[in-house]
Amino acid sequence: MTEPQPFFSTKPIEDDPFEKFPPSLLSKMTTIALRNLQEIEHPSPLNRGKDAVKRLLKRPGDASIQDPLFWPAGLLLLGLVETGNFEAQNSARTYLQRHLHAGGAHPRRLHVDDALAMGAGLRLLEKEEERIVAQKQEIPQETSRLSAIPSRFSDLSSRREEKSSLLHEGERFADILRKLPADAEGSLIYNPASGGDDIFADGCGMVSFFFSLLASCKEQDRSSYLSFAASQLTAFLQHGMDKRSGLPYHGYSLKKGCKQGIPGGSRATGWLLMGYTEYLIACKIIKGRQSLPDEKLFLPYFQLLQSILNCQREDGALSWILCSSEGAVDTSGLSMLCYAIGRAEGEGLLAECPTILPQQIFSLRHSLLPYIREDGLVTGSLSACEDFAVHRQIYGSFPWGQGAALAAISLSSKEESHHVREGK
């Protein structure tokens with residue numbers, strides 16, 4: 001049986017639409033993301049009231065109200081970090097600092113979902129390091145000119161201190177995560193309060209995303225972090241994949257001995273691909289490029305990526321269920337997949353897989369653009385799922401769609417290089 005081939009329009013898109021994305025529109029998207037983050041941090045009395053009523057009725061409440069580092073905030077933080085905009089990144093840093101130790105001297109209780117927010121903090125470290133290197137190259141070496149720029153050296157020193165602080169928080173969080181309830185194979189249980197051992201693609205992706213970035217940011221003693229990320233991914237690839245389509249189910253349970261949810265949900269696949277991509281990037285950084293083809297998770301990654309792109313529709317988009325050619329588009333899942341692919345492309349991973357064509361990626365990115373309004377609001381995002389296979393078909397503008405789209409577009413946008421050049 002031959003694999004299904006992607007169907008493209010007769011006029012393939014040959015230019016990257018994200019590279020030509022208007023900076024003014026990206027700025028509007030950033031402003032909305034900042035507002036979304038503020039609304040999560042300071043929910044309105046009405047939203048607090050609704051959440052209280054739902055919890056009294058023993059219905060799922062708004063987890064973001066109880067946990068300001070929950071995954072919607074994590075995607076917003078990631079989007080703000082990827083913009084390269086100094087003010088946006090500073091807002092993300094300040095937000096993380098406020099909530100990592102909420103409540104004073106005692107660290108706040110952390111959950112699996114919070115790994116994404118902490119991962120966004122580590123991405124900020126990487127981007128700050130890039131900025132420091134760029135500024136050092138701009139600083140003149142002549143002794144006679146050093147005295148004229150003491151503020152720039154002071155600025156570099158303060159950033160080094162901030163890096164040390166965020167890295168310390170990352171290490172502390174990693175220690176907490178590794179002590180959370182896990183199944184028989186060591187995969188972190190998404191919601192241990194339920195009493196089960198359900199492993200979600202969401203949790204696997206977020207945890208491997210965070211641990212891989214921590215391994216990349218560390219200069220020593222980082223092998224254990226990379227190994228932990230690999231263990232989460234390996235288990236999911238073994239127990240959570242649909243053999244026929246090559247796409248992930250929403251999750252699985254070892255106790256029940258079954259795979260759960262719908263195979264090929266775009267957001268679930270997005271979570272898994274984000275973590276998986278970051279893992280291979282970390283392998284490339286730590287082990288060197290020549291070791292990648294020998295990495296046991298290397299080939300399955302490109303098989304997954306090819307399975308995803310084989311589901312592209314005529315318009316280049318992916319449906320909320322990837323293998324359904326006429327389903328609605330979930331722009332949050334689409335954006336997460338664009339982000340993961342953008343990271344892989346930017347770090348040279350896609351060069352290892354020549355069967356993936358640039359036209360496929362450009363067409364995928366182009367399909368997101370119609371869902372971005374002139375005021376910067378991202379539409380067409382699917383509402384949050386309530387459990388395995390519980391996806392109410394409500395599409396609109398949600399923080400997770402805004403953050404994911406901002407992150408994806410920012411990777412290719414020229415806006416970031418502008419801020420680096422200006423030293424902002």
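Predicted model: local features only at pLDDT ≥ 70, side-chain atom pairs only at ≥ 80, totals over all residues.
Guide: Ala, Val, Leu, Ile, Met, Phe, Trp, Tyr, Cys and Pro count as nonpolar, Asp, Glu, Lys and Arg as charged, and the others, Gly among them, as polar.

Visitor: Which residues line the largest cavity?

Guide: There are 15 in the lining, and those nearest the centre are His250, Gly265, Arg267, Ala268 and His391. By class, the lining has 8 nonpolar, 4 polar and 3 charged residues. Helix H11 (residues 266-287) gives the most to this lining, with 4 residues.

Visitor: Next, helices. What span should helix H1 have, at 1.5 Å a residue?

Guide: Helix H1 covers residues 23-41, which is 19 residues, so it should span 27 Å. The C-alpha atoms at its ends are 27 Å apart, in agreement with that.

Visitor: Which residues of H1 are buried, and how many of H9 are?

Guide: Buried means under 20% relative accessible area. In H1 the buried residues include Leu25, Leu26, Met29, Ile32 and Leu37. In H9, 17 of its 17 residues are buried. Cys217 has 9% relative accessibility, so it counts as buried.

Visitor: How many disulfides does a search of the whole structure find?

Guide: The search finds 0 disulfides. Take Cys311, which is in no disulfide: the nearest cysteine sulfur belongs to Cys323 and is 5.9 Å away. A disulfide needs the two sulfur atoms within 2.5 Å. Cys311 is buried, with a relative accessible area of 15%.

Visitor: How should I read a pair of aromatic rings?

Guide: Such a pair is described by the distance of the centres and the angle of the planes. This structure holds 14 aromatic pairs. Phe70 and Trp71 form one that is tilted, at 6.2 Å centre to centre and 50 degrees between the planes. Both Phe70 and Trp71 are buried.

Visitor: Why is the pair of Phe236 and Tyr252 edge-to-face?

Guide: Planes over 60 degrees apart count as edge-to-face. The planes of Phe236 and Tyr252 are at 65 degrees and the ring centres are 5.5 Å apart, so the pair is edge-to-face. This pair links distant parts of the chain, with Phe236 in helix H10 (residues 223-239) and Tyr252 in strand S2 (residues 251-253), 16 residues apart. Phe236 and Tyr252 are both buried.

Visitor: Which residues do ring pairs link into a cluster?

Guide: The cluster is made of Phe70, Trp71, Trp271, Phe398 and Trp400.

Visitor: Now the loops. Is Leu322 buried or exposed?

Guide: Leu322 lies in the loop between helix H12 (298-309) and helix H13 (331-346). Its relative accessibility is 1%, so Leu322 counts as buried. Leu322 and Leu247 are 75 residues apart in sequence, while their C-alpha atoms are 8.6 Å apart in space.

Visitor: What is the phi of Asp221 near?

Guide: Most residues other than glycine have a negative phi. Asp221 has a positive value, near 50 degrees. Asp221 sits in the loop between H9 and H10. At 61% relative accessibility, Asp221 counts as exposed.

Methods. Residues numbered from 1 in each chain as written. Heavy atoms only, no water. 1 Å grid on protein atoms, 1.4 Å probe; cavity = no way out; pocket = protein on both sides within 12 Å on 5 of 7 lines; lining within 4 Å. Helix = DSSP H or I, 4+ residues; strand = E, 2+ residues; numbered from the N terminus. Expected span 1.5 Å × (residues − 1). Buried < 20%, exposed > 50% of the residue type's maximum accessible area, 1.4 Å probe, protein only. Phe/Tyr/Trp six-rings, centres within 6.5 Å; stacked < 30°, edge-to-face > 60°.
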